[in-house]
Amino acid sequence: MYLRQLTKEVSKAPKKALFLFPQERKTGIAPTRLILEKEVPLKEGNSVTVNWAGKKVHAEILALHGKSEIV
């Protein structure tokens, strides 16, 4: 993949997400780069594992902020 294509695709990714942590019954906002699974499409409603304060925590994506053209 060319550098130009890669840069274009990365710029389309959402920058931040609102997560729901069901075990703690709390929400939190964090950069999407903290999501550990790279194969999972960034869409609202998806369950992911997040590096939250140094711990691997299961969360659900409630909302995304930024461009969300990547599926």
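1. The sheet. In this predicted model, four strands form an open sheet in the order β2-β1-β4-β3, with antiparallel pairing. Strands here are DSSP E runs of at least two residues, numbered from the N terminus, and two of them pair if DSSP finds at least two bridges between them. The edges are taken by β2 and β3, each with a single partner strand, so one side of each has no neighbour in the sheet. From one strand to the next the twist averages 50°, an angle between N-to-C directions on a scale from 0 to 180 degrees, with axes fitted as lines to C-alpha atoms.

2. A word on the ground rules. Residues are numbered from 1 along each chain as its sequence is written, and side-chain values use heavy atoms, with hydrogens and water left out. Because this is a predicted model, local features need pLDDT of at least 70 and side-chain atom pairs count only at pLDDT 80 or more, while totals for chains, interfaces and linings use all residues.

3. The β1 and β2 pair, seen from L20. These two strands run antiparallel and are joined by six bridges. L20 lies in β1 and stands opposite T27 in β2. With a relative accessible area of 27%, L20 is partly exposed (buried is under 20%, exposed over 50%, partly exposed in between, using a 1.4 Å probe and protein chains only). Beyond its neighbours within four places in sequence, L20 is in contact with K26, T27, A59, E60 and L62, where contact means heavy atoms within 4.5 Å.

4. The core. The largest nonpolar core has 11 residues: A17, F19, F21, A30, I35, L42, V48, V50, V57, A59 and I61. Such a core is a set of buried Ala, Val, Leu, Ile, Met, Phe, Trp, Tyr and Cys residues joined through side-chain atoms within 4.5 Å. Two or more residues each come from β1 (16-21), β3 and β4 (55-65). As one member, V57 touches F21, V48, T49, V50 and W52, not counting residues up to four places away in sequence.

5. The loop between β2 and β3. Setting aside residues up to four places away in sequence, I35 touches F19, L42, V48, T49 and I61. I35 and A59 are 24 residues apart in sequence and 9.5 Å apart in space, C-alpha to C-alpha. T32 is found in this loop too and counts as buried at 13% relative accessibility. Apart from neighbours within four places in sequence, the contacts of T32 are P14, K15, K16, A17, L42 and L64.
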